[in-house]
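Subject: Structure handover

Hello,

Here is the structure I said I would pass on. Please open it first, then read the notes below next to it.

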Amino acid sequence: MAGNRISVRALDSDGLGLKTMAESGKTDNFGETLKPFYLRASAAECMIILKERLSKLEAVLVTKKGGQDEELLKTISELQSKLKDANTEAEKLTAENEKLKYRVKHLIRAVKEADLKLESM
């Protein structure tokens with residue numbers, strides 16, 4: 001029965017992710033498990049880039065006057081809209097991330113309990 005033992009370590013100290021998963025001969029698909037985390041990170045990176053571009057455009061708008069003002073205002077408006085969409089998506093991903101962390105916490109607990117039962121046999 002020793003070959004069928006499953007050992008799992010708990011969430012790391014800040015509770016943001018797993019240190020390791022099952023140490024059996026078969027590993028799970030970590031990419032699928034971590035997909036929401038990667039999506040959230042990508043959304044945050046997009047927001048940072050959009051904020052930087054928006055700041056640059058606003059600076060150009062202040063310094064330049066003339067026929068380009070309308071085009072810059074349109075671009076700024078589009079970027080603000082994209083930033084709002086990115087913020088909405090980031091909020092959704094954050095909520096999904098919290099749900100997944102809760103599920104992982106309970107799955108780890110269940111695996112630990114099963115491991116203890118196997119050890120006591």
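This is a predicted model: local features need pLDDT of at least 70, side-chain atom pairs count only at pLDDT 80 or more; totals for chains, interfaces and linings use all residues.

Glu98 has a partner. Lys101 forms a salt bridge with Glu98, and their closest N and O atoms are 3.2 Å apart. Both residues sit in helix H2, which covers residues 69–120. Lys101 and Glu98 are three residues apart, about one turn of the helix. Lys101 has a relative accessibility of 17%, so it counts as buried, the cut-off being under 20%. The structure holds one salt bridge, and Lys101 and Glu98 form a salt bridge.

Now the chain as a whole. The protein chain has two helices and zero strands. Of its 121 residues, 17% are buried. The chain exposes about 9,400 Å², and carbon and sulfur atoms supply 56% of that area. If you take the contacts between residues at least 6 apart in sequence, 58% of them join residues at least 24 apart.

Two residues of helix H2 show what such pairings look like in the model. Asn97 is placed in helix H2. Is Asn97 buried or exposed? Its relative accessibility is 2%, so Asn97 counts as buried. Leaving out residues up to four places away in sequence, Asn97 touches Phe37 and Arg40.

Glu89 and Arg40 are 49 residues apart along the chain, and their C-alpha atoms are separated by 8.3 Å. Glu89 has a relative accessible area of 37%, so it is partly exposed.

Which residues make the nonpolar surface patch? Phe30, Leu34 and Tyr38 make it, and the patch has an area of about 300 Å². Tyr38 is found in helix H1, which covers residues 30–63. With a relative accessible area of 54%, Tyr38 is exposed, because the limit for that class is over 50%.

If you want a place to start, look up Asn97 and Tyr38 in turn: Asn97 counts as buried at 2%, whereas Tyr38 is exposed at 54%.

Regards

Methods
Residues are numbered from 1 along each chain as its sequence is written. Side-chain values use heavy atoms; hydrogens and water are left out. Patches are made of residues with over 30% relative accessible area and no salt bridge: like charges are joined within 9 Å, nonpolar side chains (Val, Leu, Ile, Met, Phe, Trp, Tyr) within 5 Å. Accessible areas come from the Shrake-Rupley method with a 1.4 Å probe; for residues, only the protein chains shown count as cover. A salt bridge is a side-chain nitrogen of Lys or Arg within 4 Å of a carboxyl oxygen of Asp or Glu. Helices (H or I, at least four residues) and strands (E, at least two) are DSSP runs, numbered from the N terminus. Buried means under 20% relative accessible area, exposed over 50%, partly exposed in between (1.4 Å probe, protein chains only). Contact means heavy atoms within 4.5 Å.
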